[in-house]
Amino acid sequence: MPQLSIRHESWPIAGSFTIARGAKTVADVVVVTLTEHSHTGRGECVPYARYGETVPAVIAEIEAARSVIEAGLDRQGIASRISLKAARNALDCAMWDLEAKRTDNSVWQLAGMTRPVPRETAFTISLGPPEVMAGQAALQDRNLLKLKLGRDDDAVRLQAIRAAVPAKRLIVDANEGWNSTNIEAMLAACAAAGVELVEQPLPAADDAVLAKIAHPVTICADESVHGLESLAGLAGKYDAINIKLDKTGGLTAALDLVRAGEANGFQLMVGCMLATSLSMAPAFLVAQRAQYVDLDGPLLLHNDRSPGIRYDGAMMFEPPPELWG
């Protein structure tokens, strides 16, 4: 039976990271390790205050389930024992990793997938003054940029950024920062700037208006979608869903959401919280089915795990098995 350990880690961000809800300089993660004989499996999660999660609460919930975990709790039993989705994610991914190590397989083989191929990831430009964001965008040698917006003057930001990078692909994340009064003007500004996709333009509780207005660009649910339970309420409001393992509760649930999202006609995006390559590794399997990949978390940190995922410009590659999977 596996032995459980839980650890909180803080990873400095390169500079600062700013979105509509605030700024941060450190990425706080919780790492779960399961050890059985000579085999070790790991999983990482990011407790997110937006969803009522904290590092101490995640650690406490996993610790409270220690006896059943060490007695052999399987992935299917996690949901009945763990309520916080981030906690489920770390434990679920550690279980996948341990099974891979124990059986001398890769997780993609265990999941019935083909070997993953490199994927292009977006690179995030933090929210800031228009001229600052435009300057940061111009410095990037990556083709797909994700712009953090969510302010009343975002049209000015979009104009400045598009002028600075006329040929780059752009997606936008408003982080619930727009409202029913300005949503149509903001979407029109996005369309004028050639933006391909807008994530979560309105607060999740106020997104009903999206079913009543035109979609000149693809609108993607983020805070409005978590797992299968939230999918039915998105019809007519969203064109795509952003799958994050910290929201679904792990890779197992994320793969279920991939299948259900495709069956319901949604485009797929895979995203991440600010975290290390250990968080990105299982999400990379979801990226194989996604039209948009946003797994740049390690690129925004001052340093990453070693070994970590290899990034070559905008391309990210299969995680080394020493890291995960």
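**Rings, spaces and a few backbone details**

Colleague: Which ring does the charged end of arginine 310 sit over?
Modeller: Please keep in mind throughout that this is a predicted model. A charge is taken to sit over a ring when, among other conditions, the charged atom is within 6 Å of the ring centre. For arginine 310 the distance to the centre is 3.8 Å, and the ring in question is that of phenylalanine 317.

Colleague: Is the pair formed by the rings of tyrosine 48 and tyrosine 51 stacked or edge-to-face?
Modeller: The structure holds one aromatic pair. The centres of the tyrosine 48 and tyrosine 51 rings are 5.4 Å apart, and their planes stand at 65 degrees. Planes over 60 degrees apart count as edge-to-face, so the pair of tyrosine 48 and tyrosine 51 is edge-to-face.

Colleague: Which element gives the largest share of the lining of the largest pocket?
Modeller: The largest pocket has a volume of about 510 Å³, and its lining consists of 30 residues, with Phe17, Ile19, Lys24, Tyr48 and Met273 lying nearest its centre. By class, this lining has 14 nonpolar, four polar and twelve charged residues. At least two residues each are supplied by β1 (3-19), β2 (22-36) and β6 (144-148). The largest share, five residues, comes from β2.

Colleague: Which element gives the most to the lining of the largest cavity?
Modeller: The count comes to one cavity of 30 Å³ or more, and about 80 Å³ of space lies in the largest cavity. The elements that give two or more residues to its lining are α9 (245-248) and α11 (277-287). Among the residues lining this cavity are Asn89, Lys244, Met273 and Ala283, and by class the lining has five nonpolar, three polar and two charged residues. With three residues, the element that gives the most is α11.

Colleague: Within what arc do the buried residues of α7 fall?
Modeller: The buried residues of helix α7 (residues 154-164) are Asp154, Arg157, Leu158, Ile161 and Arg162. They line one face of the helix, while the face turned away from this buried side carries the exposed residues Gln159 and Ala163. Seen down the axis of α7, the buried residues fall within an arc of 120 degrees.

Colleague: Which residue does a cis peptide bond join to serine 306?
Modeller: The omega angle of this bond is about 0 degrees.

Colleague: Is asparagine 175 buried or exposed?
Modeller: Asparagine 175 lies in the loop between β7 (169-173) and α8 (183-192), and it has a positive phi of about 50 degrees although it is not a glycine. Buried means under 20% relative accessible area. Since its relative accessibility is 5%, asparagine 175 counts as buried.

Colleague: What is the relative accessible area of glutamine 200?
Modeller: Glutamine 200 lies in the loop between β8 (195-199) and β9 (218-221), and it has a positive phi of about 35 degrees although it is not a glycine. Glutamine 200 is buried, and its relative accessible area is 0%.

Terms used
Residues numbered from 1 in each chain as written. Predicted model: local features only at pLDDT ≥ 70, side-chain atom pairs only at ≥ 80, totals over all residues. Heavy atoms only, no water. Phe/Tyr/Trp six-rings, centres within 6.5 Å; stacked < 30°, edge-to-face > 60°. Lys NZ or Arg CZ within 6 Å of the ring centre and 35° of its normal. 1 Å grid on protein atoms, 1.4 Å probe; cavity = no way out; pocket = protein on both sides within 12 Å on 5 of 7 lines; lining within 4 Å. Points joined across faces, edges and corners; volume = space filled by probe spheres on them. Helix = DSSP H or I, 4+ residues; strand = E, 2+ residues; numbered from the N terminus. Nonpolar A, V, L, I, M, F, W, Y, C, P; charged D, E, K, R; others polar. Buried < 20%, exposed > 50% of the residue type's maximum accessible area, 1.4 Å probe, protein only. Arc of directions from axis to C-beta.
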